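Colleague: I would like to learn how to read a model like this one. Could we go through it feature by feature?

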Amino acid sequence: MGSLIPGVDGYMYPNEVELQWSVLIVLYPFITGLVAGAFILASLERVFNVDAVKPTYRLALLTALAFLLVAPLPLQLHLGHPERSLEMYLTPHLSSAMAMFGFVYLWYLMVVLLLEIWLDYRKDIVARAETTPGWRGLAYRVLTLGSRNVSAGALAVDDKVGRFVTLVGIPSAFLLHGYVGFIFGSVKANPWWSTPLMPIVFLFSAIVSGIALVLVLYMSVCVARGVPIDMRCADTVARYLLYAFVIDFSLEMLDLLHRVYEADESFKSLDFMVHTRLYASHILVQIVAGTLVPIALLALVQVVSLSESARRGFYAAAGALTLVGIFAMRWNVVIGGQLFSKSFLGYTTYKMEFATREGLLTATLLLLLPFGILWGLVKLLPPWTEETARA
Amino acid sequence: MSATDRREFLSRTGKYLLLTGTAAAALEHVLAGRAEAAPGYAEAAHWWGMAIDVEKCIGCGNCVRACKEENDVPREPYYFRTWVERYHVEDGELAHPQVDSPNGGYDGFPERYSAVAATGKTFFVPKLCNHCVDSPCEQVCPVGATFRSPDGVVMVDRKYCLGCRYCVQACPYGCRFIDPRTHVADKCDLCYHRITKGLTTACAEACPTGARQLVDLKDPKDPVHEFLRTRTIQVLKPQMATGPKVFYAGLDGSVR
């Protein structure tokens with residue numbers, strides 16, 4: 001049955017016609033996912049002593065920080081009353097999954113990421129505080145937090161504490177993104193979201209996206225700086241990306257298989273949606289271009305002997321496609337979950353605005369902002385290992 | 001006043017001001033999420049809900065209009081505290097009902113299904129917040145701006161709501177919306193300003209057939225007890241385990 005309301009097919013409850021969560025809420029899990037993934041890649045080097053990925057270690061940490069700083073912005077911009085957001089800290093409603101975000105976020109930012117970066121960079125900061133003149137020198141002097149002891153003993157303590165922070169950091173990164181998945185997965189009213197697999201699917205897709213981002217960033221930065229790409233590093237990171245991707249894809253397919261086989265009351269409605277309104281973003285972009293193609297590219301490198309330049313091309317393509325695919329996955333979860341009626345009798349349309357508070361322009365700027373912050377962080381705290389070695 | 005006295009005075013005043021301010025802020029937080037009831041109204045003596053007799057609803061839309069008028073609900077067709085749906089179910093097609101609700105039933109329903117060449121059946125279903133005992137909207141609110149009063153009415157503290165819209169997502173029945181003027185969540189509050197003064201809801205008062213009745217489950221004299229005892233009663237989406245308190249008599253299995 002058609003509908004008289006533009007953009008609506010079949011029947012939606014009247015209050016459902018307009019979408020509640022916009023593209024900004026798509027950015028939220030996408031950005032936090034990049035944070036968690038980048039951090040987990042960094043942790044590999046630190047905790048498991050994977051030497052090959054060392055060139056990406058600091059870059060991954062700074063990337064995680066740059067994106068983490070931006071993570072709350074889309075939420076803040078989306079709120080009807082952003083000026084009341086502090087209430088989430090002051091009077092959190094303990095039964096609400098969302099109420100914990102502020103605490104999980106602060107824990108991760110303050111206790112894990114900033115501390116780990118500071119400990120890792122302390123020696124460099126102290127050295128720069130003593131040699132850099134002007135306001136930049138002042139910045140470094142402030143960043144030392146008054147701790148200028150860089151004796152071998154002190155650095156050994158740094159290393160020990162840093163390792164401990166990383167150990168705490170890995171479950172924290174899991175918590176951060178698993179928690180974001182839980183915000184969606186625990187909404188029993190919405191069958192597209194409501195699955196206990198949601199946190200774990202979010203987590204693995206986060207790891208995938210974070211690794212892909214660091215891989216692409218690392219290679220781009222090397223090209224920009226005119227230094228050779230450490231292929232042992234790129235090969236290893238790409239291999240991890242493949243492993244994580246295979247797990248992620250398996251989980252998503254398990255979810256799909258479960259839905260298809262169980263075929264509960266929502267299935268026909270969701271199945272129709274996937275074959276119509278969500279076809280391009282779900283089947284074509286997320287599954288084919290954003291998952292199968294990058295997995296095939298990464299797997300091919302494992303079985304066929306390719307030249308360095310071919311591998312670089314494969315990695316860049318796979319990394320970029322992965323990022324597009326994971327963004328599409330977030331889109332399909334957040335937007336897709338609002339396109340069908342909870343009556344399972346109809347579908348609505350998401351009309352994205354452009355230059356509004358929750359429009360495409362805002363979303364694009366928010367997505368570019370972390371790269372700007374990262375540029376600043378890299379200027380302040382250069383992550384290049386060769387310079388560190390020289391220092 | 002010596003310099004020391006002045007310093008001491010300022011310090012003391014500052015401390016008192018700080019303490020008073022903190023206490024006031026704390027009190028405000030404690031009081032947030034409390035209903036504004038009429039003086040002399042005893043919350044604990046009531047347990048509100050609604051009884052709906054589907055067979056009595058004629059789809060006139062009086063309830064929708066009365067509700068929008070009484071509660072200053074935006075007139076656009078995307079914002080409703082209550083609305084009416086028209087179901088048309090062909091024989092045996094329980095899983096595929098045809099449903100419409102033009103402007104939420106505000107203007108009544110244009111003729112669509114011929115009564116003469118009738119196949120299947122057509123009926124109207126009034127919808128509103130179910131004032132669930134285990135309401136998911138209340139569970140997910142990050143600041144507790146949505147709350148259930150001791151007399152069983154789920155309400156929104158508009159001065160406290162962040163406008164995050166999580167509650168709208170969490171309601172299985174589509175009963176909530178964000179008011180485009182205030183940017184906070186809004187929903188049926190069973191006309192709390194009326195019922196605490198002994199009146200009925202605007203929708204129930206406007207209903208010409210008595211299809212919807214405000215009920216007080218704690219009142220032993222309320223006719224709802226006979227209604228619940230003698231009729232076949234159903235609630236919406238019982239599988240959601242939300243404990244709805246809107247009780248439907250004569251509800252068809254196709255309604256969702």
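This is a predicted model: local features need pLDDT of at least 70, side-chain atom pairs count only at pLDDT 80 or more; totals for chains, interfaces and linings use all residues.

Colleague: Start with helices. At what angle do α2 and α5 of chain A pack, and how far apart are their axes?

Modeller: The general idea: two packed helices are described by the angle between their axes and the distance between the axes. Here, α2(A) spans residues 54–70 and α5(A) spans 101–131. They pack at about 145°, with axes 11 Å apart. The crossing is left-handed.

Colleague: Which residues of α2(A) and α5(A) meet?

Modeller: From α2(A), A:R58, A:L61, A:A64, A:L65 and A:L68. From α5(A), A:Y108, A:L109, A:L113, A:E116, A:I117 and A:D120. By class, the contact has 8 nonpolar, no polar and 3 charged residues.

Colleague: Now the two chains. How many residues of chain A are in contact with chain B?

Modeller: The size of an interface is often given as the accessible area lost when the parts come together. Here we count residues instead: 35 of chain A are in contact with 41 of chain B. The chain A side divides into 18 nonpolar, 11 polar and 6 charged.

Colleague: Which strands does β1(B) pair with, including β9(B)?

Modeller: With β9(B), residues 212–216, the pairing is antiparallel over 5 bridges. There, B:I52 has B:R212 as its bridge partner. β1(B) also pairs with β11(B), residues 246–249, in the parallel sense over 4 bridges. In that pairing B:D53 stands opposite B:A249.

Colleague: And the sheet with β2, β3 and β4 of chain B: in what order do the strands lie?

Modeller: The order is β3-β2-β4, in an open, antiparallel sheet. The edge strands are β3(B), 98–100, and β4(B), 121–128, each pairing on one side only. Neighbouring strands are turned by 25° against each other on average, direction ignored. β2(B), residues 82–89, joins β3(B) over 3 bridges.

Colleague: Which helix lies across β2 and β4 of chain B?

Modeller: Helix α2 of chain B, residues 62–71. Its direction is about 160° to β2(B).

How values were computed:
Residues are numbered from 1 along each chain as its sequence is written. Chains are lettered from A and ligands numbered from 1 in the order in which they are written. Two strands pair if DSSP finds at least two bridges between them. Helices (H or I, at least four residues) and strands (E, at least two) are DSSP runs, numbered from the N terminus. Axes are lines fitted to C-alpha atoms, for helices over the stretch in contact, and angles run from 0 to 180 degrees between N-to-C directions. Two residues are in contact if their C-beta atoms, placed from the backbone, lie within 7 Å. Ala, Val, Leu, Ile, Met, Phe, Trp, Tyr, Cys and Pro count as nonpolar, Asp, Glu, Lys and Arg as charged, and the others, Gly among them, as polar. A crossing is left-handed if the near helix is turned anticlockwise from the far one by less than a right angle, and right-handed if clockwise.
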